[in-house]
Amino acid sequence: MATYEEVKEVPNHPEVYLIDVRNNDEVANSGSIPASIHIPLPELENALTMSETNFLSTFKRDKPSNDSVIIFSCRSGRRAQEATDLAHNYGFKKAKIYHGSWSEWVSKHGL
């Protein structure tokens with residue numbers, strides 16, 4: 001499980017991926033955690049299985065390898081857990097959940 005402190009440091013660690021799996025309207029209405037990649041949960045399986053070239057052109061970031069640290073967040077943690085489980089099923093063994101997700105981020109930043 002990722003902590004708030006770890007997520008806060010993601011912009012300083014480009015080798016770490018922070019993926020926000022909230023819906024488009026949620027991100028549009030409330031914003032996102034810095035350095036996060038937005039991939040709604042219904043689109044995640046496709047993203048995890050797309051080619052490196054397609055991932056790069058779609059998300060403007062290299063596709064994570066199976067050894068990359070991937071942190072998933074959502075609003076409160078439920079969808080992030082689903083995303084983490086899905087990533088594990090596809091061999092991303094260092095995928096983990098940010099349990100606090102957007103709710104904790106907002107409370108810590110007074111947003």
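**Salt bridges in the predicted model**

The side chains of Arg-78 and Glu-82 meet in a salt bridge with an N to O distance of 2.5 Å, a salt bridge being a side-chain nitrogen of Lys or Arg within 4 Å of a carboxyl oxygen of Asp or Glu. Because Arg-78 and Glu-82 lie four residues apart in helix 5, about one helical turn separates them; helices (H or I, at least four residues) and strands (E, at least two) are DSSP runs numbered from the N terminus. Arg-78 is exposed at 56% relative accessibility, whereas Glu-82 is partly exposed at 37% (buried, under 20% relative accessible area; exposed, over 50%; partly exposed, in between; 1.4 Å probe, protein chains only).

The model is predicted, with local features requiring pLDDT of at least 70, side-chain atom pairs counted only at pLDDT 80 or more, and totals for chains, interfaces and linings using all residues. Residues are numbered from 1 along each chain as its sequence is written, and side-chain values use heavy atoms, with hydrogens and water left out.

By the stated criterion, the count is six salt bridges. One of them joins Glu-5 to Lys-8, with the closest N and O atoms 3.3 Å apart. These two residues are three apart in helix 1 (residues 4-8), a separation of about one helical turn. Glu-5 is partly exposed at 46%, as is Lys-8 at 33%.

A further salt bridge pairs Lys-93 with Asp-67 at 3.1 Å between the closest N and O atoms. Lys-93 lies in the loop between helix 5 (78-89) and strand 4 (95-97), and Asp-67 in the loop between helix 4 (52-59) and strand 3 (69-73), so the pair ties together parts 26 residues apart in sequence. Lys-93 is exposed at 59%, and Asp-67 is partly exposed at 45%.
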